[in-house]
Amino acid sequence: MVDDELRELIEGCARGSRKAQEGIYKRLYGTMMAVCLRYAKDHDHAHDILQEAFLKVFANIAKYSFEGSFEGWVRRIMVNTAIDAFRKKRTDFLLLGEEQSIEDYKDVAEEEETETEFEFSVSDVVEAMQELTPAYRTIFNLYLFENLTHVEIAEKLGISVGTSKSNFAKAKRNLKNILLNDNKSR
């Protein structure tokens, strides 16, 4: 549900009020920047995604029906904007070949977990995620944080289900290696 103050800001944005837009931006900046950082290669890239997404939010805010979470509505726009950025640059990114089957990567998916436990801060994990290739980072986020299936990811990104699965498995492995290597260097 939307509280009265937020409703006022949303309605103000629908009327084109810059002050209302600033209020929404300030209210959601931290949460939405965290979403964008998960998809971006660095802070500047995340900020670009955030700015583009907020432009879309303000252009479409009159369509928000006050049903469901406003933050969830905005978050979906942030994620879709990040996906759009990925698609625009997709040819520059490393995606495993369509001709390769998931069976080729079975060993990656079935790696044994080590018994050693480490604790990592959220900032450590986000920083490590930014070291993943854009393809791995995007698929990892869509699967783990957005709860999309590999079929849905394949549709959104225009790749095969096998490519989605293998990229997710490799993303997990690479993220683990990044975190463990960073932990060893401390």
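In this predicted model, the axes of helix 7 and helix 8 (residues 150-157) come within 10 Å of each other and cross at roughly 135°. Helix 7 is therefore oblique to helix 8, since an angle counts as roughly antiparallel only over 145 degrees. The crossing of the two helices is right-handed. On the helix 7 side, the residues that meet helix 8 are T138, I139, L142 and Y143; their partners in helix 8 are H150, I153 and L157.

T138 sits in helix 7, which spans residues 134-144. Its relative accessibility is 3%, so T138 counts as buried, the cut-off being under 20%. Apart from neighbours within four places in sequence, T138 is in contact with Y39, F86 and L157. L157 belongs to the helix 8 side of the pairing described above.

Helix 1 (residues 4-14) stands at the other part of this account. Its buried residues are L6, L9, I10, G12 and C13. They lie on the same side of helix 1 because they cover an arc of only 160° around the axis. The cover over these buried residues includes helix 2 (18-39), helix 3 (43-60) and helix 4 (70-88). D4 and E8, on the other side of helix 1, are exposed.

The ends of helix 1 remain. The N-terminal end is capped by D3, with a side-chain oxygen 3.1 Å from the backbone nitrogen of E5. Just after helix 1, G16 takes a positive phi of about 90°.

How values were computed:
Residues are numbered from 1 along each chain as its sequence is written. This is a predicted model: local features need pLDDT of at least 70, side-chain atom pairs count only at pLDDT 80 or more; totals for chains, interfaces and linings use all residues. Side-chain values use heavy atoms; hydrogens and water are left out. Buried means under 20% relative accessible area, exposed over 50%, partly exposed in between (1.4 Å probe, protein chains only). Helices (H or I, at least four residues) and strands (E, at least two) are DSSP runs, numbered from the N terminus. The arc is that of the directions from the helix axis to the C-beta atoms. Contact means heavy atoms within 4.5 Å. A polar contact is a pair of N or O atoms within 3.5 Å; within protein, one must be able to donate a hydrogen and the other to accept it, and residues adjacent in sequence count only if both atoms are side-chain atoms. Axes are lines fitted to C-alpha atoms, for helices over the stretch in contact, and angles run from 0 to 180 degrees between N-to-C directions. Angles under 35 degrees count as roughly parallel, over 145 as roughly antiparallel, 65 to 115 as roughly perpendicular and the rest as oblique. A crossing is left-handed if the near helix is turned anticlockwise from the far one by less than a right angle, and right-handed if clockwise.
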